[in-house]
Amino acid sequence: MKKIILGALASLLALNANAALINIYESNSSINNIAQSQAVIDNASSANTTVDSDNVFFSDWGHHSAPAFPDGHNNTFVLTATGMVDTSLYSALKFFHDDGIDVSLGSNSLYSFNGNTALKDSGWNMFADTGMESFDLLFWENGGAASVLVYGTLRDSGTSEIAKISTVPGPSSIAFLALGLMGLVFARRRA
């Protein structure tokens with residue numbers, strides 16, 4: 001019985017990862033397009049800030065009651081967010097952003113704005129129900145007053161909410177899940 005409980009706990013812990021990986025890279029020069037944003041990332045030895053979040057919903061100006069960016073980043077920086085979106089839960093995503101953004105869902109470009117702008121509403125970007133799809137977002141802020149807000153339309157009701165982004169399971173999570181499941185099988189055989 002002890003092995004069954006330990007196996008179940010290991011499986012649950014592995015499945016409990018539910019946040020997108022967000023990296024923020026500060027820049028010492030202005031950013032005006034996607035290529036310059038990518039160059040900031042490529043030239044950095046590592047991100048200045050790395051956090052896990054179950055959404056991409058930040059604003060230095062409190063737009064839509066969003067909290068400030070992690071660690072007070074608010075001038076010129078690049079933010080990346082990677083994770084998974086459940087397309088059986090959402091039928092569309094909407095982005096509010098100032099300055100540029102590039103978003104992919106699965107292997108498809110979902111939305112892109114390749115320049116600096118005041119707060120902009122992308123409108124709803126619709127997609128098919130294909131289950132869990134990879135989510136990649138690149139956002140940059142040039143000169144302060146940063147906001148990036150991601151909303152989702154719920155497929156079953158048509159209402160909108162702050163979109164939930166899940167973690168891409170890493171090798172250690174997958175190994176931990178496999179170990180827990182093997183424990184369950186072993187315990188069951190011995191019972």
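In this predicted model, the buried residues of helix 2, which spans residues 34-43, are Ser37, Val40 and Ile41. Viewed down the axis of helix 2, these buried residues fall within an arc of 95°, and they therefore line one face of the helix. The other side of helix 2 carries Ala35, Asp42 and Asn43, which are exposed. As for what the buried face meets, the buried residues of helix 2 pack against strand 1 (20-26), strand 4 and strand 10. At the N-terminal end, helix 2 is capped by Asn33, a side-chain oxygen of which lies 3.2 Å from the backbone nitrogen of Ala35.

A search of the whole structure finds seven aromatic pairs. One of them joins Phe69 and Phe139, whose ring centres are 6.2 Å apart and whose planes stand at 10°; because planes under 30 degrees apart count as stacked, this pair is stacked. The pair links distant parts of the chain, since Phe69 sits in the loop between strand 3 (57-59) and strand 4 (77-86), whereas Phe139 belongs to strand 10 (residues 132-141), 70 residues apart. Phe69 has a relative accessible area of 3% and is buried, and Phe139, at 0% relative accessibility, counts as buried too.

Phe139 also takes part in a pair with Phe77, and here the arrangement is edge-to-face, with 6.3 Å from centre to centre and 65° between the planes. This pair, too, links distant parts of the chain, with Phe77 in strand 4 and Phe139 in strand 10, 62 residues apart. Phe77 is buried, its relative accessible area being 0%. Taken together, ring pairs link Phe58, Phe69, Phe77 and Phe139 into a cluster.

A residue with a contrasting setting is Ala128, which is found in the loop between strand 9 (125-126) and strand 10. Is Ala128 buried or exposed? Its relative accessibility is 51%, and because the cut-off for exposed is over 50%, Ala128 counts as exposed. Once its neighbours within four places in sequence are left aside, Ala128 is in contact with Thr87 and Arg155. A further relation concerns Ala92, which is 36 residues from Ala128 along the chain, and the C-alpha atoms of these two residues are separated by 8.7 Å.

Note on methods
Residues numbered from 1 in each chain as written. Predicted model: local features only at pLDDT ≥ 70, side-chain atom pairs only at ≥ 80, totals over all residues. Heavy atoms only, no water. Phe/Tyr/Trp six-rings, centres within 6.5 Å; stacked < 30°, edge-to-face > 60°. Helix = DSSP H or I, 4+ residues; strand = E, 2+ residues; numbered from the N terminus. Buried < 20%, exposed > 50% of the residue type's maximum accessible area, 1.4 Å probe, protein only. Contact = heavy atoms within 4.5 Å. Arc of directions from axis to C-beta. Polar contact = N/O pair within 3.5 Å; in protein donor to acceptor, adjacent residues only side chain to side chain.
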